[in-house]
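Dear colleague,

Please find below the structure that I am handing over to you. My notes on what was found in it follow directly after.

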Amino acid sequence: MNFNKKLQDIKTYEAGKPIELVVRDFGIEPSEIVKLASNENPYGCSPKVQAEVANIVQKMALYPDDSMFELKSALAKKFSLEDENVIIGSGSDQVIEFIMHAKADENSKILMNSVTFAMYEIYAKHIGASVVRTASQEHNMNEFYELYKAEKPDIIFLCTPNNPTGDAIDAQEMMEFIAKVDNSTLVVVDGAYMEYAAFKDKSKSVSPKELIEKFENVIYLGTFSKAYGLGGMRVGYGLSRGNIIKELYKLRPPFNITTLTLKAATVALEDEAFVNNCIASNFTEMKRYEEFAKEQKIDIIESYTNFVTLCLNDTQNATQLSDALLRKGMIVRNLTGYGLNAIRVTVGTPEQNSKFFALTQELL
Ligand SMILES: *Cc1c(COP(=O)(O)O)cnc(C)c1O
């Protein structure tokens with residue numbers, strides 16, 4: 001059977017291995033398994049979310065509120081924007097998909113960093129658009145500008161902080177770059193880890209409101225999957241000018257967010273103290289990773305997120321190490337597929353991190 005030719009050279013996105021799979025494949029007890037592979041919040045979500053979600057379980061027979069009024073206005077309020085500036089997706093992943101279909105076609109070029117979030121390329125390929133990448137591992141705004149001038153892309157993805165490397169773009173430099181981009185090019189600022197960057201270093205902190213007020217060709221993406229601890233709920237958002245949001249709405253399937261998810265996200269947003277505490281613990285624990293890397297003579301990329309990227313030396317092999325860790329019930333991300341001899345490890349709870357250090361030391 002023949003399928004859509006555009007899909008032929010897509011490498012299926014490989015998600016972090018679920019705990020259930022390690023139980024099945026290696027016969028390890030679920031309680032013995034530590035998953036530090038998908039940048040989830042190791043402390044879970046606000047306890048208030050759990051209480052509220054339990055309360056609305058009896059409403060399951062009804063379709064969700066498709067206007068998403070409650071969550072939309074909570075987001076608008078948080079960012080000092082209007083409801084018309086917000087679109088909600090089943091993960092910010094879905095918003096990326098809307099953006100691609102709304103703005104690009106098979107003649108388009110999509111500009112992105114050499115190493116960055118894999119879904120940008122996968123969605124670009126869905127529509128047959130071509131991908132243009134910079135050479136530097138970290139976002140270099142001069143290089144982005146040169147490629148922008150040479151290639152005239154329809155969409156530019158800026159992932160800050162960047163997944164899977166953890167580095168972040170200087171906010172001022174980014175604003176100066178966007179100011180030089182013509183309004184016919186859409187700039188996507190993916191802030192999946194922005195809560196962490198804003199906590200660590202104000203100079204990396206990007207304000208969606210400022211972006212949207214200054215520029216008519218920018219969309220900012222956020223998610224509840226990381227700092228808010230709701231990866232299992234699948235919810236993210238896009239913030240932009242009303243006319244752009246309106247175009248994306250044409251692609252949104254009705255009821256793309258469940259009643260449970262809408263409630264969970266709304267309540268999670270209210271509990272700022274919970275999220276701030278998790279972020280503070282994240283950076284306390286991250287220091288231990290920095291010390292561990294130093295002891296082991298492994299390079300670590302300075303991270304503005306809830307994960308660290310350990311760049312192994314020539315005598316070490318990322319695939320071997322991550323496989324060996326997996327057999328011991330420790331799930332991390334092997335970055336060999338991104339062209340790096342590196343592993344990405346989500347910063348876990350103190351106990352989870354201790355276990356990672358002990359196992360890794362033993363294996364190296
Ligand atoms: C996790 C992540 C997302 C989206 O996650 P969803 O769970 O789909 O909201 C988007 N961009 C980056 C860079 C991410 O790491």
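Predicted model: local features only at pLDDT ≥ 70, side-chain atom pairs only at ≥ 80, totals over all residues.

In the side chain of Tyr193, an N or O atom is 2.7 Å from a ligand oxygen atom. For Asp93, the distance from a polar side-chain atom to an oxygen atom of the ligand is 3.2 Å. On its own, the ligand has 380 Å² of accessible area, and the protein covers 94% of this. As for its location, the ligand takes up the space of the second largest pocket.

I turn now to the protein chain as a whole. The chain is divided into two parts: domain 1 is made up of residues 5-44 and 273-363, while domain 2 covers residues 47-271. Taken over C-alpha atoms, the centres of domain 1 and domain 2 are 24 Å apart. Where the domains meet, 31 residues of domain 1 are in contact with 35 residues of domain 2.

With kind regards

Definitions and conventions
Residues numbered from 1 in each chain as written. Heavy atoms only, no water. Polar contact = N/O pair within 3.5 Å; in protein donor to acceptor, adjacent residues only side chain to side chain. Areas by Shrake-Rupley, 256 points an atom, 1.4 Å probe, with all protein chains shown as cover. 1 Å grid on protein atoms, 1.4 Å probe; cavity = no way out; pocket = protein on both sides within 12 Å on 5 of 7 lines; lining within 4 Å. Sits in = over half its atoms within 2 Å of the grid points. Domains from an automatic or database assignment. Contact = heavy atoms within 4.5 Å.
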